[in-house]
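Me: I would like to go through this model with a few questions on its side chains, helices and backbone. Please show it here before we start.

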Amino acid sequence: MKFSVIVPVYNVKDYLSKCVESILNQDVTDYELLLVDDGSTDESGVLCDKICEKHPEKNIRVIHQENMGLGGARNTGIAAAQGEYLFFVDSDDSITEDALQKSSDYLEEHPDTDILVFDNLKVDEQGNVIYTNKTLQATTAYASIFEDKKLLLTDHSSCNKIIRKTLFTENDIYFPKRLWFEDLATIIRLYPHAKKIGYIPEAFYLYLQREGSIMNSTQCDRNIDMLTAYDTVLQYFKAQGLFEEFYTELEYIAAFHVYYLSSVRVMNMDKHHKLLDMYREYVHKEFPNCLNNPYLGKKEKLIISLLDKKRYNTILFIFKVKGVVNRLAK
């Protein structure tokens, strides 16, 4: 079996059927669908069972478990997966009908691919495209991070990739449980172990921007998880003896994701929150000269310099259109 499509399910009964339908409509048959019911308290778990019963001709398995969070549900899927490659699909999102076929064709032509990257679309609940996310940052479309260091900057979402299962199991790398930003903590640690990272410049994944899903002020404190997620990556690279070799790339990830994006997200909710100081202190401690990172653009350097000066009102004015702030923060 080539693919295991892993769908963590938690209280998404209004969205799950559309997600599953997009997976079952694939042009290929060499795949299994794993629905991991992560202790849903609505009817999602029952719906998983009904979907499995409705499609006996499909290779669908349902796993019910106590709530372990998104990372824990994905780990359960990894352990149960029988496919050579894993495709993580969130239960309120969907994929294009040719996603697995085109991925399969690419993997046949490029057998050393351990991570296959593709683009994704952000769509609203009416199906309108909000924007297209071009995920690959490097100039090389088939290489390892040792051959093209910029590949380390590739979008760290787990959902716009197909990943060889043994990359997780043989390197003992799994998703942290109950941690926000679990993708950043996990996917970047996989990159050094990938023989080749491939890329298909097409959008196979449709990420749903649900109404009311933007983090509100009561969730602001959870953004501290960004520090934990990134530090997991940093300490891993140090333990692997790769910190110096990828210093510039790790510095950029810290400056852009931990400092720039996280600060914008938090200040959009509370410009007096203590996390703003914590981000600043952490990044400058680990990377004192991050403002000079060659990967940072002029706009990013401007925002970071304003963050250093605590000019939050000025930054919010620059991002005066709230949708822009939210899009950057996701």
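Me: Is F118 buried or exposed?
Reply: Buried means under 20% relative accessible area, exposed over 50% and partly exposed in between, with a 1.4 Å probe and protein chains only. This is a predicted model, in which local features need pLDDT of at least 70 and side-chain atom pairs count only at pLDDT 80 or more, whereas totals for chains, interfaces and linings use all residues. Side-chain values use heavy atoms, with hydrogens and water left out, and residues are numbered from 1 along each chain as its sequence is written. Because its relative accessibility is 0%, F118 counts as buried.

Me: Which kind of aromatic pair do F87 and F118 form?
Reply: Rings of Phe, Tyr and Trp (its six-membered ring) pair if their centres lie within 6.5 Å, and planes under 30 degrees apart count as stacked, over 60 as edge-to-face and the rest as tilted. F87 lies in strand β4 (residues 85-88) and F118 in strand β6 (residues 113-123), so the pair ties together parts that are 31 residues apart in sequence; strands here are DSSP runs (E, at least two residues), as helices are (H or I, at least four), numbered from the N terminus. With 5.6 Å centre to centre and 75° between the planes, the pair of F87 and F118 is edge-to-face.

Me: How many residues apart are F88 and F175?
Reply: These two rings also form an aromatic pair, F88 with F175, at 5.4 Å centre to centre and 80° between the planes, which is edge-to-face. F88 is buried at 0% relative accessibility, and F175 is buried at 3%. F88 is in strand β4 and F175 in the loop between α5 and α6, so that the pair links distant parts of the chain, 87 residues apart.

Me: How do α1 and α2 run relative to each other, roughly parallel or roughly antiparallel?
Reply: Helix α1 (residues 16-24) and helix α2 (residues 44-54) pack with their axes 11 Å apart and at an angle of about 30°. Axes are lines fitted to C-alpha atoms, for helices over the stretch in contact, and angles run from 0 to 180 degrees between N-to-C directions. Angles under 35 degrees count as roughly parallel, over 145 as roughly antiparallel, 65 to 115 as roughly perpendicular and the rest as oblique, which makes α1 and α2 roughly parallel.

Me: Where is D172, and is it buried or exposed?
Reply: D172 has a positive phi of about 55° although it is not a glycine. D172 is found in the loop between α5 (165-169) and α6 (182-190). With a relative accessible area of 59%, D172 is exposed.
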